[in-house]
Amino acid sequence: MKTFACGDVIPGCSARFSAADEGGIFAQVAGHAAADHGVTDITPELVQAVRDRIVSI
Ligand SMILES: [Zn+2]
């Protein structure tokens, strides 16, 4: 399993995600970023920032 805390990238956000693999995390994060942060442009830099903070559990 992988887990990711949105607050590691966007301070103050308490959302956490877990999935079997990175793809599952990104699918959830993309929806959350658009719905809760108004972020619809998932840049390579953002992808990298998220990837760097995904933790295996
Ligand atoms: Zn968030």
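Start by selecting His 32, which counts as buried because its relative accessibility is 9%; buried means under 20% relative accessible area, exposed over 50% and partly exposed in between, with a 1.4 Å probe and protein chains only. Before moving on, note that this is a predicted model, where local features need pLDDT of at least 70, side-chain atom pairs count only at pLDDT 80 or more, and totals for chains, interfaces and linings use all residues. Residues are numbered from 1 along each chain as its sequence is written, and side-chain values use heavy atoms, with hydrogens and water left out.

**Stop 1: around His 32**

His 32 sits in helix H1. Helices (H or I, at least four residues) and strands (E, at least two) are DSSP runs, numbered from the N terminus. Now show what surrounds the side chain: leaving out residues up to four places away in sequence, His 32 touches Cys 6, Cys 13, Ala 15, Phe 17 and His 37, where contact means heavy atoms within 4.5 Å. With His 37 there is also a side-chain to side-chain polar contact at 3.1 Å. A polar contact is a pair of N or O atoms within 3.5 Å; within protein, one must be able to donate a hydrogen and the other to accept it, and residues adjacent in sequence count only if both atoms are side-chain atoms.

**Stop 2: the zinc ion**

Select the zinc ion next. Its protein donors are Cys 6 (SG), Cys 13 (SG), His 32 (NE2) and His 37 (NE2), at 2.0 to 2.2 Å. Donors are N, O and S atoms within 2.8 Å of the metal (3.2 Å for Na, K and Ca), and water is not among the atoms, so sites may look incomplete. Along the chain, the donors follow the spacing C-x6-C-x18-H-x4-H. Cys 13, in the loop between strand E1 (2–5) and strand E2 (16–19), and His 32, in helix H1 (residues 22–37), link distant parts of the chain, 19 residues apart.

**Stop 3: the sheet**

Switch to a cartoon view. Three strands form an open antiparallel sheet in the order E2-E1-E3. E2 and E3 are the edges, each with a single partner strand, so one side of each has no neighbour in the sheet. Strands pair if DSSP finds at least two bridges between them. E1 and E2 share four bridges, and Ala 5 stands opposite Arg 16 in E2. E1 is joined to E3 (residues 55–56) by two bridges, with Thr 3 opposite Val 55.

**Stop 4**

**Last stop: Ile 57**

Finish in the segment after E3, at Ile 57, which counts as exposed because its relative accessibility is 63%.
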